[in-house]
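This report covers contacts within and between the chains of the model shown below.

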Amino acid sequence: MIAPVAIGPGTFAALVWGAIVLVAGVFGYEIYAVLSESRME
Amino acid sequence: MVVTASAALSLTAVTLAAFAGVGIRYSRGGEGSIEDFLTARDSAGTGTLTATLIASSMGAWILFSPAEAGAAFGGISAAAGYGIGSALALFAFALLGPRIRELIPAGHSLTEYALARYGRAMYAYVLAVSVLYMFVFLAAEMTGITGALALVAGVQAWQTALLIGLFVLAYTAYGGLEASIFTDTIQTLLILPLLAVGFAGALLALGGTGEIYRTAVATSPELLNPAFLPGVEFGAYVVIAVVGAEMLNQAWWQRIYAAESARTLRRSFLVSALAVLPMIVLAGLFGVAAAGLGLVNAGANYNADIAFFLVLQEAFPEWVVLVVVLLAVLLVMSTADTLFNAIASVVTADLPRILNDPSTGTLTAAARLLTAVVAIAAAWVGAQGYSVLALFLTADLLAAATFLPLLAGLYTEELTGGGALGSSLAGLLVGLAFFPTLRGVVSTVVPTLPTASFLFAFSGAALVSGGLALLAAQVTGSRYDLGRLGHEIGRLDEGEPAADGGTRGNRLPREESSGAEEASRTEDSR
């Protein structure tokens, strides 16, 4: 049986914080896009 | 309890009342036509459309299902499967949406497309599968939020269900899709930072990623192994289940028309696909953390379905819990308003075929009444605390066996209604043969069944239905001119005065259209 190979702690941290940063980035994009629409109206 | 019932209820009521007020205020003074109510046609720019797509995708389910997948169904690969499935569905609509707008510029729903393209039998089948999926989704949302507030604050299920049902109904029945999209925009602008801050706060409260990692590796290292077979298997079938079901979700078909242009549509669906992936994976990692902390039980005391909240109860400050309660309420509102309107719109778009030349006022009243019926039914089901998992899986299987033949009709003229329905039913039979959930029922008809497997059930249903649809398109003796779709499906307010002084729509009257459809189908036979 092949022993389970877990991802390393650095990869885990990168996955978690990368996801949080990506969510924050989408938030920034959303603010920009919604404000741009409001200005155009 | 982590917070008091009165604090959670007050926060919930204030949030709901604020959004109901905003939604109603936004809708006042609008044109209020049936077209606005059902499709908000060409009204949403990139920011607004992306926001409503994110808000509609992200229901309270992300606090339950991905964490359960992470804790009990295979760890990070299972959670990733959930995220990829949800993102892939939105990505698919970025490709399909412009095609749908091009072929059916005045459309409203997937069922009117099914009727025009494939005839009555396939229409009835698609209507049943689509409404079943959306209602089960809605019931699961209501059940999820009532369960969540009961868990963290001891709020009675009926109180939560009644509050959410009434307030969301108030602005959705009044303002329709336009109100839903507007409130979705604000909700997304709150959900995204709450999710980022709430999750980051929770991680820090648990001691940071290093501590979570060490605990998980010590107790359940397989959950952090991306090649862990049960996780990969779950991840694979959940992709098919989610993609198939979302293709039959009327909410996306409505938003294809709500986009102000095909370019906006493509960009918004792509950005929202990019947004939902990390949100779901993050939620799934909380399940891994719960398992690592030894909070998850199997067997009679199974609790992986509330893994996220088990972590929450562990050692969190009250402000994090209140943030999550607010987040959960926003998540359920943004999805419930979408589904109230989506289910009502499917039926309303079909009413001109049932009623004798209804006025747009009658259609708008019917849409509002249907919204109320859906809201009351969903609130009632949500207050009962049923387990809807088996129903959800069944609806997903039905959708997995349906979506490829249904969507193939957008690209091939050779596939007939009989071919599409036959392919779907054949795929469904194959899926049922492997489907673990309905084993008892199916085995009464077919005593000898292959080994139960969700992966074989979902992949079998999709591959067999899709393969047979391709085959049926090759051997059929007739063809359907796709150019007819745009003529057969028109605006619901056609004939009413338009803003430019002319009249709207170019569709034939329904009866005439139906007759022409049959005649044309015969003429097209080769």
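Which residues is B:Ala307 in contact with, leaving aside its neighbours within four places in sequence? They are B:Ala67, B:Glu68, B:Ala71, B:Phe286, B:Gly287, B:Ala290 and B:Val296; two residues are in contact if their C-beta atoms, placed from the backbone, lie within 7 Å.

This is a predicted model, in which local features need pLDDT of at least 70 and side-chain atom pairs count only at pLDDT 80 or more, while totals for chains, interfaces and linings use all residues. Residues are numbered from 1 along each chain as its sequence is written, and chains are lettered from A and ligands numbered from 1 in the order in which they are written.

B:Ala307 is also among the residues with the most contacts inside the largest nonpolar core, together with B:Ile164, B:Ala290, B:Phe308 and B:Ala328. That core has 208 residues.

The contact between the chains takes 35 residues from chain B and 22 residues from chain A. On the side of chain B that touches chain A, the largest share, 10 residues, comes from helix 8 of chain B. The classes on that side are as follows.

| Class | Side of chain B that touches chain A |
|---|---|
| Nonpolar | 24 residues |
| Polar | 10 residues |
| Charged | 1 residue |

Ala, Val, Leu, Ile, Met, Phe, Trp, Tyr, Cys and Pro count as nonpolar, Asp, Glu, Lys and Arg as charged, and the others, Gly among them, as polar.

Within chain B, helix 10 (residues 229-247) and helix 16 (residues 389-400) pack at an angle of about 75 degrees, with their axes 8 Å apart. Helix 10 of chain B is therefore roughly perpendicular (65 to 115 degrees) to helix 16 of chain B.

Notes
Axes are lines fitted to C-alpha atoms, for helices over the stretch in contact, and angles run from 0 to 180 degrees between N-to-C directions. Helices (H or I, at least four residues) and strands (E, at least two) are DSSP runs, numbered from the N terminus. Angles under 35 degrees count as roughly parallel, over 145 as roughly antiparallel, 65 to 115 as roughly perpendicular and the rest as oblique. A nonpolar core is a set of buried Ala, Val, Leu, Ile, Met, Phe, Trp, Tyr and Cys residues joined through C-beta atoms within 7 Å. A residue is buried if 20 or more other C-beta atoms lie within 10 Å of its own, exposed if 12 or fewer, and partly exposed in between; C-beta atoms are placed from the backbone.
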